[in-house]
Amino acid sequence: MRGRTRPILAGAAALAVLSGLAVSAPAYAANPPLAGAVHYASDLEWQSMTNGWGPVERDWSNGGQAAGDANRFKLTIGGVVYEKGLGAHAPSSVVYALDGQCRQFLSDVGVDAGQNGKGRVDFKVLVDGVERFAAARKGTDGALPVNLDLQGAQRIELRVEAGPEGNGNDHADWAGARFNCTDAYVADPLRIAGDPATNLGALVPGAPATVTVRGLAPLAEVSLELGDAAVATGTADAQGVAAVTFVVPADAPGGATTLRASGAALFDVAAEGETAVSVVTISDRSWYVDCEAGAPGDGSEEAPFDSIAAVNEHGAFQPGERILFKSGTTCVGALTPTGSGVAGHPITVASYGGDAMPTIDGAGAVAAVRITNASHWTVTGLHVVNPSDTPTRRVGILYENTSTTQHAGVVISGNHVEDVAGWRNKATNGAGFAQSAGIMVRTEGKGAFDGITIVDNEVNDTAGGGVKISAPDYTDRYNTQVVIARNLMHQVGGDGIVMHNSDGGLVEHNTALDLGAGKHPYEGGNFAGMWSYNSKNPVFQFNVVGNSTTSVYDSTAWDCDMRIVGTCLYQYNYSFGNAGGFYLNCVSNCGGGATTTTVVLRYNVAQDDCRLGGSSSGTGKHLIYNNTFYCPSRVFLDDMKGPREMRNNLIVAPGGAMNAASNVAYQTNAWFGGIQPPAAETGSVLADPQLVAGGSGQRTLDVPGYRLAEGSPLLGAGTPVAGAGDRDYFGNGLPAGAPNIGADQGAGVPRVALPFEQLVNQTSVASAVNPRNGAVTADRRTIPEEGLAEAGLVTGQQLTAFGVTLPWHATPVGTPDTVKAAGQELAISGSGRTLVVVGFATGDADASGTITVHYTNGKSEELELTLPNWRTGEAVDENTVLVARSAWQRRHTQPYIGGASTVQRIDETASVFAVQLPLNPTRTVESITLPGGSALVDSGLNLMGVGIGRPLPGTGPGKG
């Protein structure tokens, strides 16, 4: 059986019992006189029949080309199984001769459930050639009742027509179709269903519940009884449907009971209906678990459960109860508790007895924590692992709905999930990869969740990805009230966040770093940072994605993927150093298919992330405006096809070419660093944008260097955009007049000296974890972290040169670590005899420039700085020392993505030097102005540290 069975349609005898009327026996020869009985249509001979696929089937769904073939199923609509009826396929016509003998025609109509939600048909009933009923039904719709007066009718035609999409999957059921040829009208039982926010299996005493009652006469009154208590009355609308809200009596006993409805059906026939419901019992009990207790217990704090098995075997937990694991302990096995909470009274899994998280070790199960077909569970404060030596589909915390109903109240917060040995290779097993993650909420296409909250979790070293909302490609209903916020994903072997099958989902304030790396790294196929699929109006804002490793084509920070409906919005996000760049256009299959979806990319900052990829067509358009793209080491790679408008964007890059197709429009964008605007653009600005400190972003949303300085030519230089929102990246309100170009809509900030860490603008050091980050040369060479470590210069430690101790690479490798001198003013205070500069020169030779030292007494002096070349230079006097020399360099041969062959070891040295310059020891330094030059990767002076100290005269120690 494929669903529940309607009791009234179990057979002709059931109808006789219900109505007290005689029912004719099945007859497949000539029809006997019809008067005086109720006849199922499938028991009568039709006058004529045509059908779009094989014959119309009696009491079965439409099958194959032959009558009675094996491809038939029991008639099923919306999970209800019907024993009697006709199974047709559009276009179809079945005609019966009535000869004025019958009073009434009754049926339920709908697309058969065997089509798995597909198909769309028009049902029509013609009485003596006059259309008396017409309704369109989709495969995702439930049954629709038909109830017609046939008095005096000679002939009836049951017609099914294909919808505008054609007749694929148009299996149409006339379920329970019958002719009432007695002297009295009859009525089906009234049908009662909970609305989406009401779970009839978990009614809460004292709380409101809403049900829909169908089968009433238009404007008829209806009464509800819960058990023996009358609880509400209501009035049907013009279609005979009544929505009735009632309050569950506060003293309603817990357990199973019946909800009954009574009222007048069509033709003023008294009708009743009932459905089984259950009233929950609210509990405040806590169940304790200590897997190191040493002896079984009853779940009390004095005698806690001593294993996960004891929790799983407990039975259904009640709303409001808590399952508490002892702080600092480890429990081995998959936690699979049962029961459902209710709104305001969730079942909570948490900890007790201390601050250390308890560990749930899934030991290689499908999921370490798994909650199935339940509502209102909160999982919080757990350390979850699921290790194995054999990768396969695995999850840390899995909340799933495998049913056809809607569940609610998913809350996963404040957990640390790591070491989940899921599937790593999307190319060899796409389903296994898609179903692997640290945290997953999953549906199977029919049911959904109302309320998914995934917040404040840390996820690392999990195969397949970090956080995923998972569902099939096609679903009957969306998840609603979806919030994914403030989660940290790092070193996960795939996607950071994937949000499938959600209506209005919000993804905000999350951070995803070093994606594709970690203990269970990505091995094949594609992944991206944060993206949505098969969803409606998704919003991604205030997120960070950085340093994703390479994949076949993707590895972008952001991606609007297939089957998005409405608008896909990315705003106020920051991305940096991703192997695939900024954005992937997969909104219509990645390959140019047509879409009506609008994609909006606005007020984002992209640092060394200047690639647009993918393809789409159709009326859907990409609106890309007021973003800041700053890419000192990468050209802008634009291989994205499809309609778009690009306005008011700042693009800084050493080169690249923008898509110049006829369906792409450019207006008032700013271009600097070498890249040129498309020939067709209007209002281009080609000038130094005068950012405060471009390129200085690290691993958080805090990127003040991307503000516009006072006097910037980008202030007020943009074009107004309709519906542009109410704020910019930095929280400024939008100007009343012409906007600025770029992500900053402020009035311009004063120019002031900034500390070294706020001026860094180049990534010089890279590691094997993500070898495509950064560059110090135009051919994309970097200094290998491993090579420097071999030479004694270790990330995160300190170095001493000329008596000055400086931190070495205080930022994580793969983020900006170097100030490429371009006239910046560096805030540094102190007094001493020497100014120590750590760094190197790029280009073909040593490089020199003038530093201006500003003292607190208003005086200044100029010093000549010369740094040896990073590849060929040597320390030639006592004022220059070699800090460290790597025996090799690393190079990535293309700016974005690429396989292993695109990362090369170059057996040439890479050196870092320290130089000391004399200061006036009687004065206190306030700041220094660095030599001029280009801030982009090119020839010039590259500073990795600056300090003030005492040595000089006899000089020494040079390095320590």
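C102 and C181 are joined by a disulfide, with 1.9 Å from S to S. A disulfide here is a pair of cysteine sulfur atoms within 2.5 Å. The torsion about the S-S bond of C102 and C181 is about 65 degrees, so this disulfide is right-handed. C102 sits in the loop between strand 8 (92-97) and strand 9 (104-111), and C181 in the loop between strand 14 (171-180) and strand 15 (191-194), so the pair ties together parts that are 79 residues apart in sequence. Strands (E, at least two residues) and helices (H or I, at least four) are DSSP runs, numbered from the N terminus.

This is a predicted model: local features need pLDDT of at least 70, side-chain atom pairs count only at pLDDT 80 or more, and totals for chains, interfaces and linings use all residues. Residues are numbered from 1 along each chain as its sequence is written, and side-chain values use heavy atoms, with hydrogens and water left out.

Are these cysteines buried or exposed? C102 is buried, at a relative accessible area of 3%. C181 is buried too, at 2%. Buried means under 20% relative accessible area, exposed means over 50%, and partly exposed lies in between (1.4 Å probe, protein chains only).

How many disulfides does the structure hold? There are four. One of them joins C291 to C331, with 1.9 Å from S to S. The link of C291 and C331 is right-handed, with 105 degrees about the S-S bond. This pair links distant parts of the chain, 40 residues apart. C291 lies in the loop between strand 22 (286-289) and helix 2 (308-312), while C331 lies in strand 25 (residues 330-332). C331 is buried, with a relative accessible area of 2%.

C560 and C568 also form a disulfide. Their sulfur atoms are 2.0 Å apart. Why is this disulfide left-handed? The torsion about the S-S bond of C560 and C568 is about -90 degrees, so the disulfide takes that hand. C560 is buried, at 0% relative accessibility. C568 is buried as well, at 0%.

Five strands form an open sheet in the order 67-77-69-75-72, with antiparallel pairing. Two strands pair if DSSP finds at least two bridges between them. The edge strands, strand 67 (819-820) and strand 72 (880-886), each pair on one side only. Strand 69 (residues 834-842) and strand 75 (residues 910-918) run antiparallel, joined by six bridges. Which residue in strand 75 is the bridge partner of V837? That partner is V915.
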